[in-house]
Amino acid sequence: DLERYKQTYCDDRPSTDKDWAAASALYRSAGRLLPSEGLHWNQLSVLAQYHNDHLQNLYCLARSALSASPFLKIRENVAQHLDRTEKILHRLESEGDPPRPTDHQRRLERLLPRFVLLVGALYHGAELN
């Protein structure tokens with residue numbers, strides 16, 4: 001956590017521009033030492049959140065939840081991630097013009113939040129129409 005805090009509080013750049021590699025490596029090392037613990041996956045999800053990587057964030061949260069010893073507040077973190085993703089989706093939908101078929105980056109930006117919310121619905125056992 002100290003490496004992540006160093007980047008968070010000692011580097012003035014936006015979180016998406018910071019170098020999280022050292023913190024990520026340390027969390028992965030912790031995972032190799034204690035693979036049954038879910039805490040390191042939760043912390044990796046925080047780093048994914050800093051990069052606005054919704055899919056990686058969801059993956060890390062799922063790995064934490066499925067660990068033998070999941071992070072204690074994993075359900076709350078999943079719910080928060082889904083809430084943030086839903087807000088992003090609403091913002092994207094309010095921007096108007098859908099992307100052209102050749103604009104792959106914009107299409108992906110619009111698809112990922114929908115995918116994350118779909119997985120969230122499955123996680124919560126919601127019925128899908």
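The conversation below goes from the whole chain to single residues.

Guide: Before we start, this is a predicted model, where local features need pLDDT of at least 70, side-chain atom pairs count only at pLDDT 80 or more, and totals for chains, interfaces and linings use all residues. Residues are numbered from 1 along each chain as its sequence is written, and side-chain values use heavy atoms, with hydrogens and water left out.

Visitor: Which elements does the protein have, from the N terminus on?
Guide: Helices (H or I, at least four residues) and strands (E, at least two) are DSSP runs, numbered from the N terminus. The protein has 6 helices and 0 strands. Its order is therefore written with helix symbols, and reads α-α-α-α-α-α.

Visitor: How are α3 and α4 oriented to each other?
Guide: Axes are lines fitted to C-alpha atoms, for helices over the stretch in contact, and angles run from 0 to 180 degrees between N-to-C directions. Helix α3 (residues 39–50) and helix α4 (residues 54–65) have axes that come within 8 Å and cross at roughly 170°. Angles under 35 degrees count as roughly parallel, over 145 as roughly antiparallel, 65 to 115 as roughly perpendicular and the rest as oblique. The pair α3 and α4 is therefore roughly antiparallel.

Visitor: Is Ser-45 buried or exposed, and which residues does Ser-45 touch?
Guide: Ser-45 lies in helix α3. Buried means under 20% relative accessible area, exposed over 50%, and partly exposed in between (1.4 Å probe, protein chains only). Ser-45 has a relative accessible area of 4%, so this residue is buried. With contact meaning heavy atoms within 4.5 Å, and not counting residues up to four places away in sequence, Ser-45 touches Asn-57, Cys-60 and Leu-61.

Visitor: What separates the C-alpha atoms of Glu-86 and Leu-117?
Guide: Glu-86 sits in helix α5 (residues 74–94). Glu-86 counts as partly exposed because its relative accessibility is 37%. Glu-86 and Leu-117 are 31 residues apart along the chain, and their C-alpha atoms are separated by 7.0 Å.

Visitor: Is Leu-2 buried or exposed?
Guide: Leu-2 belongs to helix α1 (residues 2–10). Its relative accessibility is 71%, so Leu-2 counts as exposed.

Visitor: What percentage of the residues in the protein is buried?
Guide: The chain holds 129 residues. Ser-45, at 4% relative accessible area, is one of the buried ones. Buried residues make up 33%.
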